[in-house]
Structures are given as C-alpha cells and as structure tokens.
Amino acid sequence: MALDDFDRSLIAATQSGLPLLARPYDAVGATLGVSGERVQQRLAEMLDQGLIRRIGAVPNHYRLGYVANGMSVWDVNDERVSELGKLVAALPEVSHCYRRPRHLPLWPYNLFVMLHGASRAHVEAQAEHIAQLLGNACRAHDILYSTAILKKTGLRLKEA
C-alpha cells in the first residue's frame, strides 16, 4: 500500500515521538491543519492496515536504573516453542520475546527473550525462572548483555 501525502506528513510529524503534552494528537493535528481526532483516526487505521506496527513508549532502560540488560537466548524444542514463547512473553520482567531461526551448527537458539535488571544477578534470577518454566523443552540457554544503547528510534521516512 502506497502512502499518500497526508500519511507521509503524519509519519514525518510523529516519527521522532509524540509531543509531551496533555493532548499530543491535537498538537500534531495543529501542525498538519487537521483535528487531533483525525490524527488519532488515521493512526488507528494505519495500525489496522499494518502500515505502522505500534505506538508506544521507547524507554531508556539505563536512565530508569536497569543497567543490566540481557538478551537471553534459548534452544527450545521446535514443537513447543510457540506455546512456551507465549508463556514467557507474558512474564512481567520480559520486555520483548520472539522466535528466530537457528543457524546450526554454531547457533542453536530459537527463542530470544530480553530481560532487564538493576544487576546481572537480578537478570540471571529472571533467566532461572524462565528456565524452570521451559523445563525439559529447553536444551540450552545463554545471556548476551548489552554494553551500549545502539538504537532508540522507530520508523524514519527518507527526506524527499
């Protein structure tokens, strides 16, 4: 689906985030010459159409005190990875969880689970909880800790 001029203007006006105001959609609408309701309506349509995936906060975990951030990777039985992935994704300590293809023989992991904590010990305790949840369906796991924030942006349209 191609974007029209309004869609491009709407994405350009929101791609750096919504303004931190009581009525952010009204503020965006004012810059585009439409109502805040029109902005909300079109964003909802774009979500429904899959033009945008989500509208959400992008926290800086380090500033929130979560200085140990680890991508835990799991080698889970393929027949159960979807079922167990949904259980893991529902845990409050999990910020995102998704399935990825294995790259054998070097990379046996097929379930990726991002964990955040105030210390590595806290993250490792979370991983132990997940290991218990996965049980015998999990053959191995590891935690790859973040050392820097590499990207904290969403969609960016190329300048015309």
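Modeller: A residue counts as exposed when its relative accessible area is over 50%, and as buried when that area is under 20%. The model is predicted. I start with Ala 118, in the loop between E3 and helix H5 (120-134). Its relative accessible area is 53%, so Ala 118 is exposed. Leaving out residues up to four places away in sequence, Ala 118 touches Gly 65, Tyr 66, Val 67 and Ala 68. Another reference point is His 61, 57 residues away along the chain; the C-alpha atoms of Ala 118 and His 61 are 9.7 Å apart.

Step back into strand E3, where His 116 lies. His 116 is buried, at 9% relative accessible area. Its side chain makes two polar contacts of interest here. One is with the side chain of Asn 69, at 2.6 Å. The other is with the side chain of His 61, at 3.5 Å. Beyond four places in sequence, the contacts of His 116 include Tyr 66 and Ala 68. Both of those residues also touch Ala 118. Other contacts of His 116 include Glu 93, Ser 95, His 122, Val 123 and Gln 126.

Now the aromatic side of E3. A search of the whole structure gives three aromatic pairs. In one of them, the ring centres of Tyr 98 and Phe 112 lie 5.8 Å apart and the planes meet at 15 degrees, so this pair is stacked. Tyr 98 belongs to strand E2 (residues 94-99) and Phe 112 to strand E3 (residues 111-117), so the pair ties together parts that are 14 residues apart in sequence. Phe 112 is buried at 13%. Tyr 98 is partly exposed at 27%. Phe 112 also pairs with Trp 107, and that pair is tilted: 6.2 Å between centres, 45 degrees between planes. Trp 107 is partly exposed, with a relative accessible area of 26%. Tyr 98, Trp 107, Tyr 109 and Phe 112 make up one aromatic cluster.

Arg 99 is in strand E2, while Asp 78 is in the loop between E1 and helix H4 (81-89), 21 residues apart. Their side chains form a salt bridge at 3.9 Å, N to O. Both ends are partly exposed: Arg 99 at 45%, Asp 78 at 39%.

A second bridge pairs Arg 139 with Asp 75, at 2.9 Å, N to O. Arg 139 sits in strand E4 (residues 138-145) and Asp 75 in strand E1 (residues 68-76), so this bridge ties together parts that are 64 residues apart in sequence. Arg 139 is exposed at 52%, whereas Asp 75 is buried at 8%.

A further bridge joins Arg 80 and Glu 83, with the closest N and O atoms 2.9 Å apart. Arg 80 is partly exposed at 34%, and Glu 83 is partly exposed at 41%. Through shared partners, salt bridges join Asp 75, Asp 78, Arg 99, Arg 102 and Arg 139 into one network. The total for the structure is eight salt bridges.

One last item involves a charge and a ring. The charged end of Arg 120 sits over the ring of Tyr 145, 3.9 Å from the ring centre.

Terms used: Residues are numbered from 1 along each chain as its sequence is written. This is a predicted model: local features need pLDDT of at least 70, side-chain atom pairs count only at pLDDT 80 or more; totals for chains, interfaces and linings use all residues. Side-chain values use heavy atoms; hydrogens and water are left out. Rings of Phe, Tyr and Trp (its six-membered ring) pair if their centres lie within 6.5 Å; planes under 30 degrees apart count as stacked, over 60 as edge-to-face and the rest as tilted. Helices (H or I, at least four residues) and strands (E, at least two) are DSSP runs, numbered from the N terminus. Buried means under 20% relative accessible area, exposed over 50%, partly exposed in between (1.4 Å probe, protein chains only). A charge sits over a ring if NZ of Lys or CZ of Arg is within 6 Å of the ring centre and within 35 degrees of the ring normal. A polar contact is a pair of N or O atoms within 3.5 Å; within protein, one must be able to donate a hydrogen and the other to accept it, and residues adjacent in sequence count only if both atoms are side-chain atoms. Contact means heavy atoms within 4.5 Å. A salt bridge is a side-chain nitrogen of Lys or Arg within 4 Å of a carboxyl oxygen of Asp or Glu.
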